[in-house]
Amino acid sequence: MTPLSWPCPLPGGGTSEEYALAFDRGRTNRLLVVPALFDEANRLRRQSVEVMRRLDGAGVDCFLPDLPGCNESLQPLEVQSPEDWRDAVAFAAMHFGATHVLGIRGGCLLTPEKLPCRHYAPINGASILRQMIRARILAAREAGTVETQQDLMDQAMAEGIELTGYRLSAEFIDQFQSLAPREGPNVQEIGQDMVGGAGLWLRAEPDENRQQADALAAILAIGLAA
Amino acid sequence: MNSEIDLLLRKILTDVLGLREGQADDFTSDTGLFGHLPELDSMAVAGLLTEMEDRLDIIIEDDEIDGELLESYGSLLAFAEAKHNGS
């Protein structure tokens with residue numbers, strides 16, 4: 001596994017160096033992994049890398065790029081939009097010469113149309129937002145403040161909002177809440193029932209699961225070899 | 001005897017807290033949840049409630065969620081059963 005950087009295009013022109021984890025031995029099958037988003041990104045990162053290790057062993061090159069504004073990125077999150085992220089993913093796919101793309105949870109909202117994609121346990125934008133808003137309401141209640149879904153959404157659409165530590169613009173919220181994972185002939189969904197056990201995004205703490213990593217890597221490797 | 005909701009709720013907590021299988025069988029009405037388990041923060045509770053909605057086929061309004069509801073396993077179970085029977 002090699003940490004490297006890639007030149008991510010900026011919306012106003014120019015590029016920013018973003019980080020990526022890569023298993024690159026110049027092999028035929030090259031999989032771009034689009035990470036889960038926000039809190040789920042933290043909970044699933046280790047498991048995502050475990051799946052990549054197994055795919056490397058099975059002869060598949062893998063790349064896990066940072067989205068601008070996420071993980072190690074130096075870009076501010078509050079100026080990002082889902083469209084910028086899609087552009088970033090499409091560019092990363094080209095940069096790394098990806099032949100296939102794996103979206104994980106919210107990452108499925110960003111997979112490029114031109115490449116064959118696998119969507120692992122996809123989720124739509126509205127569900128992600130709802131959960132983040134609920135977490136904010138709970139945290140506010142602990143602090144003795146009452147907030148409601150409707151008020152927070154109104155605020156989010158007017159001036160942007162900070163949810164569970166993520167500062168998102170009004171434009172982001174507007175685009176994100178209507179995003180659903182793409183469907184089509186080049187998209188295959190991998191449900192959690194195929195992987196077995198409970199999804200690790202449910203966990204209160206980040207964790208990994210060997211059996212689930214084996215299962216997901218096997219499903220991917222077999223599909224790519226076909 | 002455990003109700004169906006009881007079993008489902010123990011399974012959900014097993015998945016959220018990453019418990020070993022059977023570990024949630026030891027939960028009693030008095031077992032403390034929110035405020036007793038450091039890993040059960042607001043984001044985890046939000047996930048827990050969403051999962052309860054999906055698996056128990058209920059809708060939880062945000063104003064129904066208060067500290068007491070999540071204080072113990074017993075209070076969460078009573079809420080889930082009342083919700084399920086009312087839906």
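Modeller: Before we start, residues are numbered from 1 along each chain as its sequence is written, and chains are lettered from A and ligands numbered from 1 in the order written. The model is predicted, with local features needing pLDDT of at least 70, side-chain atom pairs counting only at pLDDT 80 or more, and totals for chains, interfaces and linings using all residues; side-chain values use heavy atoms, leaving out hydrogens and water.

Biologist: Thanks! How much area do chain A and chain B bury between them?

Modeller: Buried area is the accessible area (1.4 Å probe) that two parts lose on being put together, summed over both. Contact means heavy atoms within 4.5 Å, and here chain A brings 19 residues and chain B 22 residues. Carbon and sulfur atoms carry 59% of the buried area, and the total is about 1,800 Å².

Biologist: Which residue of chain B forms a salt bridge with A:Arg130?

Modeller: A salt bridge puts a side-chain nitrogen of Lys or Arg within 4 Å of a carboxyl oxygen of Asp or Glu. Between chain A and chain B the count is 3 salt bridges. For A:Arg130, the closest N and O atoms are 3.1 Å apart, and the partner is B:Glu53.

Biologist: Nice. Which helix gives the largest share of the side of chain A that touches chain B?

Modeller: Helices are DSSP runs (H or I, at least four residues) and strands likewise (E, at least two), numbered from the N terminus. Helix H1 (39-57) and helix H3 (125-142) of chain A each supply at least two residues of that side. The largest share is 10 residues, and the helix is H3(A).

Biologist: Now within chain A, how many salt bridges cross the interface of domain 1 and domain 2?

Modeller: An automatic or database domain assignment gives the bounds, with domain 1 of chain A at 2-124 + 182-225 and domain 2 at 125-178. These two domains bury about 1,300 Å² between them, 66% of it on carbon and sulfur atoms. Across their interface, the number of salt bridges is 0.

Biologist: One last point: how far apart in space are A:Asn29 and A:Asp39?

Modeller: A:Asn29 lies in the loop between strand E2 (15-23) and strand E3 (30-34) of chain A. Beyond its neighbours within four places in sequence, A:Asn29 has contacts including A:Gly59, A:His100 and A:Leu224. A:Asn29 and A:Asp39 are 10 residues apart in sequence, and their C-alpha to C-alpha distance is 30 Å.
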